[in-house]
Amino acid sequence: MELSLGCIADDYTGASDLANTLTRCGLRTVQTIGVPSDDLALPEVDAVVVSLKSRSIEAGLAVSRSRSAEKWLRGRGASHVLFKICSTFDSTDAGNIGPVMDALRADSGDGIVLVTPAFPETGRTVYMGNLFVGSVPLNESPLKDHPLNPMHDSNLVRVLARQSRARVGLVALADIARGPDAVRAHLADHASKGFGAAIADAVFERDLETIGKVALDHRVSVGASGLGLGLARALVASSRIKPNAANAASEAPVGGPAACLAGSCSQATLQQIASAEAMMPVLHLDPDQVVAGRDEARRALAWARERLKDGPILIASSSTPDQVAALQARHGRDAAGHAIEQAMADIAEGLVQSGVRRLVVAGGETSGAVVDRLGIPGFLVGAEIAAGVPVLRAVGSKDGAMLLALKSGNFGGPEFFSDALALMR
């Protein structure tokens, strides 16, 4: 298998978002969970997205896991590797975007790396190096209240420079608008002056297409799924791959009970949970009881088993920002977050043992904990539920055929849970 594109994603829902984008652009795509074993049987594909849970871990560990993923992808023929990050650049001043970028750049031999989290389709744009979420700068968006990586600076040149050993420059929109050759010249000038990375502005999809063409000149790039779109369209335009009307998960229905889990505390997910109340039974976990021990997870499973035969159910640990802050003050941020993730993983494992084969999970950290616990090595990417969220069919699962949807907290419309279940038959 010779890959046209290799990708390393720093969380599982972001990996699903990217794999969905590549599939929509015509690339046959598989998403793996962690660095695959050499004996994992994969279908013939154009791209592999290796999902890591490395966004919020210690930077050195994130670097080592990312390097292992890159080595695996290069071994399958990938000449270009995209390090996929969140479109809101979630990170702290300690990393992990900068340290991983530095390591991959050093391993690849690239002089300079293009970086952009822009994805206009989902309202993420970059102008003069500043990231906008919809119409507001990043530091004025709900991401300022992120429980793990609160973002208080919209200027990505500054943000990345605080994390990276490299000098960070900017490729402004005026240069992007002049086309690939202008961007190449600008990058060459930056590299000659000792810059190791450049934030690229992008406001429209055509900007991503320009960036994608230039990025393929290099061995590494850093960005969100919008950059994946640019790379995929550049690959198709260059005839290096033939576009496929790929819908790898459109196989026979799986059937069986269905369940939803929500761990995200984003405004979008809170609204989605409220909408689901009218469609299915919803259980809200008591976060203090979750931190106290496993009795709350057992209670949730008993509640679910009584109802699964009658239709889908939803179990939520989500809370408002004020409630999250209060919980963290009582128990500590790391302890509270870990307890909730493990409780959701316990619940997911119990649901699958009870016969659930269609599972919708909201929240990046929650999705990571759930997929890790279920031990699913990879997914074929299928139909799109909402922008950035595809149906995933398990590959190599010990539990047999299974469909999942892994949703980043801010993604999807108000009826996301019912929309997902309608496509997961």
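**Labels and their cut-offs**

Modeller: Let us start with R333, which is found in helix 13, where a helix is a DSSP run of H or I of at least four residues, numbered from the N terminus. This is a predicted model, in which local features need pLDDT of at least 70, side-chain atom pairs count only at pLDDT 80 or more, and totals for chains, interfaces and linings use all residues. Residues are numbered from 1 along each chain as its sequence is written, and side-chain values use heavy atoms, with hydrogens and water left out.

Biologist: Why is R333 called partly exposed?

Modeller: Buried means under 20% relative accessible area and exposed means over 50%, with partly exposed in between, using a 1.4 Å probe and protein chains only. R333 has a relative accessible area of 40%, so R333 is partly exposed.

Biologist: Which residues is R333 in contact with, leaving aside its neighbours within four places in sequence?

Modeller: With contact meaning heavy atoms within 4.5 Å, R333 is in contact with P147, L148 and Q328.

Biologist: Why is helix 14 described as largely enclosed by the rest of the structure?

Modeller: Eight of the eleven residues of helix 14 (residues 364-374) are buried, and therefore the helix is largely enclosed. Among the buried residues are G364, T366, V370 and L374. Just after helix 14, G375 takes a positive phi of about 65°.

Biologist: What makes a set of residues a nonpolar core?

Modeller: Such a core is a set of buried Ala, Val, Leu, Ile, Met, Phe, Trp, Tyr and Cys residues joined through side-chain atoms within 4.5 Å. The largest one has 116 residues, of which F89, I315, I347, L351 and L359 touch the most other members. Helix 13 (residues 333-353) gives the most to this core, with nine residues. Apart from it lies another core, of 23 residues, including I385 and F417.

Biologist: How do you know how far the coordinates can be trusted in detail?

Modeller: The guide is pLDDT, the predictor's confidence in each residue, from 0 to 100. The chain has a mean pLDDT of 91, and 98% of its residues reach 70 or more. Over residues 245-250, however, pLDDT stays under 50, and the model has 14 contacts beyond four places in sequence for them. Where pLDDT is low, the predicted coordinates should not be read in detail.

Definitions and conventions. Helices (H or I, at least four residues) and strands (E, at least two) are DSSP runs, numbered from the N terminus.
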